[in-house]
Amino acid sequence: MVAGKGDGSQQQDWDNAEWESKPLCDFSNFRANVCEMRGNIRIHPNASSVMYMEPASSKRNELWKLKPYPRKGDELCLSKVTELTVKSSKVAPECTKYHNVPVVVFALTGYTGNLFHDFTDALVPLFTTASEFNGEVQFLITDMAIWWTRKYHVVFKKLSNYPLIDFNKDTDVHCAKHAIVGLHAYMEFTIDPSKAPHNYTMVDFNRFMRRTYELPREAVSALGEIPKAKPRLLIISRQRTRMFLNLPEIIAMAEGLGFEVVVEEANVSSDLSQFSKVVNSVDVMMGVHGAGLTNCVFLPHNATLIQIVPWGGIEGVCRIDFGDPAEQMGLRYKQYSIAVHESSLTDQYPLDHEIFKNPLAFHKGFEFIKETFMDKQNVRLDCNRFKPVLLQTLDLLNQ
């Protein structure tokens, strides 16, 4: 990875002509700012700076400031993230470490720790940005959480052949010929193939996750291909909010239709290597809107994700968070919106309350929506009303 201390002579050979006229950073993306440089680059963690070295004759004079976490505009989130300075320069401290591979600098502190944000803010953008290097890339991580990098150590090992460097605790001056500061990110939990390097897609990411966790099933088999095998249905249960209040009834109904039912709770402490194998073993996964549905990344191709949408007019949010990503991964997708009588909100409010007549009136910002319709609501699924969704799913599995 590192060629040790140097006298600077090899830097003179670095050819940055191709990138001389290109701005160091691209701030045009609504989701993430990214800087990419080729040439003579020095990364100085002590000064929170990345310097693009210019010849004495250069007229370039650039200075950019960014927080390398893909939640642009979310000041609450970014308040915890170290700000970096990217600039053109004719003077810089001497190199103490040379990297003969590209260097990617990004932050982990933000909303990570929530499974959905682990993927949409970190793992999907990291895959999009770094997988083209086939392991020959060095990660410098600002605001690093050791427990988090340990949880996803198999992902880091798959993407990079080199030990992670904790940017905030590092005192070296790192020199590289190619550096990327920030991660490429697009809509929630998705990849935009028209903008991503090498036109990567969520199908590529889904395949990457299956291979990273060494999952055996690449695709769902049509019913009947395996004699006497029942289709497997995984129900993601929750223990604090958005719980299924009649889980035994739901299980009995699904088993009556011919499913083999598996019930698991997905939480922040789940052992992903084990949980991923459970998810990969099923044909259908269902659950109420929430971070646990992020585990759909481990489903085999053509499996079905069923998202139960709580009361509150949040169908659009649910589709953006999980529906579109699931379909882009090559999964089949069903969305079921509960009716008023299936919501525990009826225990808190009279039926003529505005929350039932006009739920959109309560859309006063995401935090208020979350508090009203997500944190304080459970689901009592009407099995007769929901049964057609499972019957349609069985039809899909027969195709």
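Buried, as used here, means under 20% relative accessible area. The model shown in these views is predicted.

**View 1. Gln-307 within strand S14.** Strand S14 spans residues 304-309 and includes Gln-307. With a relative accessible area of 0%, Gln-307 counts as buried because this value falls under the 20% cut-off. Beyond its neighbours within four places in sequence, Gln-307 is in contact with a set of residues that includes Gly-287, His-289 and Leu-293. Also among its contacts are Cys-318, Arg-319, Phe-322 and Gly-323, as well as Tyr-333, Lys-334, Gln-335 and Tyr-336. Ser-337 lies 30 residues from Gln-307 along the chain, and the C-alpha atoms of the two are separated by 8.4 Å.

**View 2. The boundary between domain 1 and domain 2.** The chain is divided into domain 1, residues 22-200, and domain 2, residues 232-398. Their C-alpha centres lie 35 Å apart. Eleven residues of domain 1 are in contact with 15 residues of domain 2. About 1,100 Å² is buried between the two domains, and carbon and sulfur atoms give 75% of this area. On the domain 1 side, the most area is lost by Leu-115, Phe-116 and Phe-189, which together account for 46% of what that side buries. The number of salt bridges between the domains is zero.

**View 3. A nonpolar surface patch containing Phe-30.** Phe-30, Met-187 and Ile-320 form this patch, with about 300 Å² of accessible area together. Phe-30 is located in the loop between strand S1 (25-26) and strand S2 (34-44). Its relative accessible area is 55%, so Phe-30 is classed as exposed, the cut-off being over 50%.

Terms used: Residues numbered from 1 in each chain as written. Predicted model: local features only at pLDDT ≥ 70, side-chain atom pairs only at ≥ 80, totals over all residues. Heavy atoms only, no water. Patch = residues over 30% accessible without salt bridge, like charges linked within 9 Å, V, L, I, M, F, W, Y side chains within 5 Å. Areas by Shrake-Rupley, 256 points an atom, 1.4 Å probe, with all protein chains shown as cover. Salt bridge = Lys/Arg side-chain N within 4 Å of Asp/Glu carboxyl O. Helix = DSSP H or I, 4+ residues; strand = E, 2+ residues; numbered from the N terminus. Buried < 20%, exposed > 50% of the residue type's maximum accessible area, 1.4 Å probe, protein only. Domains from an automatic or database assignment. Contact = heavy atoms within 4.5 Å. Buried area = accessible area lost by both parts, 1.4 Å probe.
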